[in-house]
Amino acid sequence: MERRQARRAALAAPALALLGGCFGGSIGSFECVSSPQIAFTDGPATAATVGMPYFQGLAASAATLLWPSAWIEPVSVPPGAEVDRHGVRWTPGPELAGTTQLFQVRSDRDFCGRAATLSWSVRVHPAIAISRFEAIPPKVPLRGAAVQLVAEYTGGQGAISFPFAAPLPSGQALGVGVIGATTTFTLAVANEAGAALERSVTVTAQAPPVIHDPSWNPPAVTVGDPLTLEWLIDGDVTGLTLDPGGLALDPWTRVLVVRPASPASYTLTARNDVGDVATAVLAPTIAWPPEIQGFAASPPAPSLGGTVELLPLFTGGTGTITRQGPVYSSVDATSGVPVTEGPLQGNLAYALTVTNAAGLSVSRDLVVGLSGPGTWALLEWFAMGGRRTGHTATALADGRVLIAGGYDMGGTGATYWPATEIFDPATDAFAPGPAMLHPRANHAAVRLAGGSVLVVGGDAGRGPVGEAELIDPVAGTSQPVASAAEVPSPARMVALPDGSALIHPRFMYLQGQVLRHDPAAGGIAPLASVDGLGEVRSFLMGDGRVLLLSGGRYGATPSALVDPASGAVSWTGAVLREQDTAFAAVRLGDGRVLVADGLPGAEIYDPAAGAFTSTGDPVFRQTGCEGVLLPDGRVLLAGGSEPFLTYTTATGRAELFDPATGTFQETGGTLQYGDRPLTALPDGSVLSTLGLAERYRLP
């Protein structure tokens, strides 16, 4: 304020000198006729309310030497009050409730140094608060019901302001008569300061429910089979039940699939909140099904190459025994008469179906798992309530296996999982593991030197998952991993001895960017770019470089070697012929790499020579199989299917490759076929987790 007055004095000095000349050099002969003025614009506002804006309009004038001034400045105002040329603005706090606050302001000084002042007092009223405003009942039928309004509030007097005016004291009930239509009531609570707070409540009028066109499809079903019930409903429905069983349905349900437990009709009951009820009877024809008393295998766990007798026991129809899988077979069955199957080369699944004269059928499944060396033992698998595929299985430092992601192969593939499981080979048991940050399938995972598992790539049904994550199976946590480049999907990955990992696309037909996860640098960054490979498998070589082994049906392209330290890329030999796009490749104990697919002839890459050579022919022509190195140096290949989609030979079979002799030998097959993780366990056995979990016993 002093600075502003000094500035005006400086501006006024020349004018004062001029006036002195005009009045004989003496300003004392110049008279100050008009006085400064300050006043309320609309009268004094002497009341305020806690928490609500207060405004006092003011108007001021002063005849300064150079211009007329409307400036107003505070002399004494409560904390938080703001003063400008239009007045005073203030919001009192709760600590001022019940107090009287003094305000004093003044106008600008005129050229004679005079100023006008104005003072007034403001009483601060407590805040207005509405803690309750409700209608009892809140809902009424269209035929009408008596309604009361109840409110609880403080800080003022309350009244209904809409749709009519009526006082409503706090804590008391106000009858508003019979209401038969949806109506909104507004409560206004006002105090002596003129402040007001409003709250509204709506009484909803509900129409009675009406059920139209009940129907069912098919007209006749077997007990336990799906039956579709349909109906239409008008009016307001807040409760919907189906009997027998008192099944509570969503009020918006118009189609329901049920499985009848016995012959019965269904009664659908619709209700609203005001006591209106409507019912409808749905009466499909429900028949008892044929019955299966038993379906067993003898012996229950035959040996590899042996036979099994399947004994069906049933009544009420004719039976059929079907061997499941792409190699489909079916034989007629008579109750009590065994059917012989064999010789058995792997675990198999059968189904007994019994059909009555009306075409109603029941079925029972039977899984025959082989026993003894060279076979797969069936395991009880947690698997999130479904049959997992598209997942990874990573061996942990303590011998357990972390199974991550995937989706349910038994359904449409729409259920993608962020969940993990941990398999303990000591107990053959699965238990939930730490959840991933993202649901994903068809991703890559490796255990780093520090024990954590790095997960990259994959998709969740709506495009790739861009963020990588690090799972700590000991701490039970997952955390994101920063990336300076887009992680490919699908991806493959190799763990490096220094705790880092090399990441690359599974398919590198045009150009593929190779990335490196460096824990010390805190993320994933580009390392190298490699052109012209096919489908790629990757392996850590003895000299520290990573082999990008190229295959696929786009020519026998050379493979590449990448130096993880420098990113330098060098070329090495090519496979001798085109590989199927789902070929298997396994690093042997001596550092060489076995390559096999669904075509005749397998190959071995020798890093010392930088070239591929032929080795023996696999027993089976199967593509999409996976391989794993066994402790004795042999390789187990399992789970493929017939190439070129002909499905003319058995799938899910397995074989052993002996690098010492370059020969393949059949071993026990798996129940499922197709790509699956195969994980070597500390005792030399192998875990397979495609659909059903199986554990391979070494021959």
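**Reading the model**

Mentor: Glu-535 is buried, as its relative accessible area is 0%; buried means under 20% relative accessible area, exposed over 50%, and partly exposed in between, with a 1.4 Å probe and protein chains only. This is a predicted model, in which local features need pLDDT of at least 70 and side-chain atom pairs count only at pLDDT 80 or more, while totals for chains, interfaces and linings use all residues. Residues are numbered from 1 along each chain as its sequence is written, and side-chain values use heavy atoms, with hydrogens and water left out.

Trainee: Where is Glu-535 placed, and which side chain does Glu-535 join in a polar contact?

Mentor: A polar contact is a pair of N or O atoms within 3.5 Å; within protein, one must be able to donate a hydrogen and the other to accept it, and residues adjacent in sequence count only if both atoms are side-chain atoms. Here the side chain of Glu-535 meets that of Arg-537 at 3.0 Å. Glu-535 belongs to strand 49, residues 535-540. Helices (H or I, at least four residues) and strands (E, at least two) are DSSP runs, numbered from the N terminus.

Trainee: How many helices and strands does the chain have?

Mentor: The chain has 1 helix and 63 strands.

Trainee: How is the overall form of the chain read?

Mentor: One guide is the radius of gyration, taken over C-alpha atoms; the globule rule is 2.2 Å times the number of residues to the power 0.38. For a compact globule of 699 residues the radius would be near 27 Å, but this chain has 43 Å. The C-alpha trace spans about 130 × 75 × 40 Å along its principal axes. Of the 699 residues, 45% count as buried.

Trainee: What is the volume of the largest pocket, and which residues lie nearest its centre?

Mentor: On a 1 Å grid over the protein atoms alone, a cavity is a set of points where a 1.4 Å probe fits but cannot get out, and a pocket is an open set with protein on both sides within 12 Å along at least five of seven lines; lining residues have an atom within 4 Å of a point. Grid points are joined across faces, edges and corners, and a volume is the space filled by probe spheres set on the points. The largest pocket holds about 1,800 Å³ of space. Its lining has 47 residues, and those nearest the centre are Ala-393, Ala-445, Met-493, Glu-626 and Leu-678. Among the elements that give two or more residues to this lining are strand 36 (392-395), strand 49 and strand 61 (678-680). Strand 45 gives the largest share, 5 residues.

Trainee: How does the lining of the largest pocket divide by residue type?

Mentor: Ala, Val, Leu, Ile, Met, Phe, Trp, Tyr, Cys and Pro count as nonpolar, Asp, Glu, Lys and Arg as charged, and the others, Gly among them, as polar. The lining of the largest pocket has 27 nonpolar, 12 polar and 8 charged residues.

Trainee: How many cavities of 30 Å³ or more are there?

Mentor: The structure holds 1 such cavity. The largest cavity has a volume of about 40 Å³, and its lining includes Ala-596, Phe-620 and Glu-655.

Trainee: What should I look for in the backbone?

Mentor: Most residues other than glycine have a negative phi, and most peptide bonds are trans. The bond from Ser-298 to Pro-299 is cis, with omega near 0°, and Pro-299 lies in the loop between strand 27 (291-298) and strand 28 (308-315). Gly-342 and Pro-343 are also joined by a cis peptide bond, with omega about -5°. Asp-213, which is not glycine, has a positive phi near 50°. Asp-213 is in strand 18 and counts as exposed because its relative accessibility is 56%.

Trainee: Is Thr-49 buried or exposed?

Mentor: Thr-49 counts as buried because its relative accessibility is 3%. Thr-49 sits in strand 2, residues 47-49, and its side chain makes a polar contact of 2.7 Å with that of Asn-191. Contact in general means heavy atoms within 4.5 Å. Leaving aside neighbours within four places in sequence, Thr-49 is in contact with residues including Pro-92, His-125 and Ala-195.
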